[in-house]
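Hi,

Here is the structure I promised to pass on to you. Have a look at it first, and then read my notes below.

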Amino acid sequence: MKTMRARFTLIYGGLFLVAGMVLLGITCLLLDARLTEPPQSISLADIAQAAEGEEAPPPPTDESPSQSEEQQWVLRGASVLLAEEQRQLRSEAIFLLVTQGAIALMLVAGAAAGFGWVLAGRVLAPLRRVTETARRIAGAPVAGHGLHERIALSGRSDEVKELADSFDTMVKRLDRSFEGQRRFVANASHELRTPLTLNRALVEMAMHRKTASADVRQLGENLLEINARQERLIAGLLLLARAEHEISDRSPVDLADVVSHVVAQTAAEASAAGVTVRETTAQAVTSGDVALLEGLIHNLVQNAIRHNTGDGSGWVSVASRTTASGRVEVEVINSGPTVPPYDIPKLFEPFRRLSADRVSTTKSAGLGLSIARSVAHVHAGTLTAAPRLGGGLIMTVVLPGS
């Protein structure tokens with residue numbers, strides 16, 4: 001009863017069964033009425049004719065002598081016997097009609113239900129194609145990557161074909177919208193890199209002039225910090241746009257090596273922030289884009305360092321391993337302020353930060369975790385976050401093993 005096909009089959013079979021029962025009931029009533037008609041009056045001549053096969057004489061007239069008592073007794077016995085035979089015949093006929101008719105009705109109803117199941121399947125087959133296409137689009141590893149799917153239902157125009165065509169039109173427009181958005185982000189990011197590079201060069205030239213005053217040098221330092229933040233923002237947008245495309249060139253990657261490389265890269269920043277970084281690496285081989293996977297782990301470690309206790313006692317633990325199911329994991333745990341569970345989804349939204357402890361700084365563009373999740377999804381993996389007891393976060397990346 002959970003599917004339309006089952007409901008249609010039940011309705012079709014039920015209606016057929018009800019109609020058959022009504023027809024069988026009417027037939028029984030008509031037969032019963034016919035068999036309960038009173039028998040015609042018989043005479044001794046009729047009995048003799050039935051017994052000897054002779055033609056009965058004409059019925060007696062008023063002038064004929066009346067039948068004797070013995071003849072009347074014979075006629076009454078024959079009438080009783082005929083009535084008993086008629087009653088027995090009626091009873092047996094009704095019984096056979098009801099039992100055998102019910103058996104035949106059940107068999108035919110079962111066959112009708114089977115035919116209804118097949119017919120409903122053929123009628124609902126186009127709807128299953130719509131459902132399967134929608135499921136494939138929804139199950140794409142990255143939003144918008146499955147929008148190239150089309151139903152392309154053929155056949156004569158009816159309500160189901162109109163639904164499929166409308167669905168195809170909607171998906172086509174969404175595909176164009178997503179592709180245009182990704183293309184715009186990539187192109188705009190590339191175009192913005194050139195003026196930022198020129199700005200940095202001009203500011204550095206002004207700062208290093210012999211005639212530059214202390215105020216000019218201080219202003220140049222501030223402008224370079226702002227320019228550096230804009231460059232990181234543009235680089236993040238480019239990486240995010242790249243992470244939302246299909247990976248065509250995959251190669252084996254040991255995440256243990258990537259973890260060690262990232263920890264070494266972020267050592268200076270961790271030391272300046274007073275954060276201790278510990279690594280526990282075990283072989284974790286997956287397949288994918290090396291640069292994207294390195295960016296994923298780098299963003300997670302960098303995020304754990306920047307959003308820590310801030311009092312010099314913070315720590316970050318990074319571990320890689322292969323699970324018993326054959327999948328690989330990278331886990332990044334850090335100390336820091338307490339994060340409510342209901343705020344966890346906000347961490348993965350671009351340019352979204354939580355409260356005052358995660359304010360915008362020149363070091364953060366607000367895209368790190370968004371990029372990390374996109375990279376995990378495009379590699380058919382997941383990135384999850386959970387609050388750590390005592391403060392901080394537990395970030396877990398799960399990817400397919402190679």
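R321 and E329 bring their side chains together in a salt bridge, at 3.1 Å from N to O. By salt bridge I mean a side-chain nitrogen of Lys or Arg within 4 Å of a carboxyl oxygen of Asp or Glu. Before you go on: this is a predicted model, where local features need pLDDT of at least 70 and side-chain atom pairs count only at pLDDT 80 or more, while totals for chains, interfaces and linings use all residues. Residues are numbered from 1 along each chain as its sequence is written, and side-chain values use heavy atoms, leaving out hydrogens and water.

Back to that pair: E329 is buried at 17% relative accessibility, while R321 is partly exposed at 30% (buried is under 20% relative accessible area, exposed over 50%, partly exposed in between, with a 1.4 Å probe and protein chains only). R321 also forms a salt bridge with E331, at 3.5 Å from N to O. R321 is in strand 4 (residues 314–322) and E331 in strand 5 (residues 328–334), so this pair ties together parts 10 residues apart in sequence. (Strands, E, at least two residues, and helices, H or I, at least four, are DSSP runs numbered from the N terminus.) Together, R321, E329 and E331 make up a salt-bridge network.

How many salt bridges does the structure hold? Five. Another one joins the side chains of E269 and R306, at 2.7 Å from N to O. It links distant parts of the chain, with E269 in helix 7 (residues 267–273) and R306 in helix 8 (residues 290–306), 37 residues apart.

Cheers
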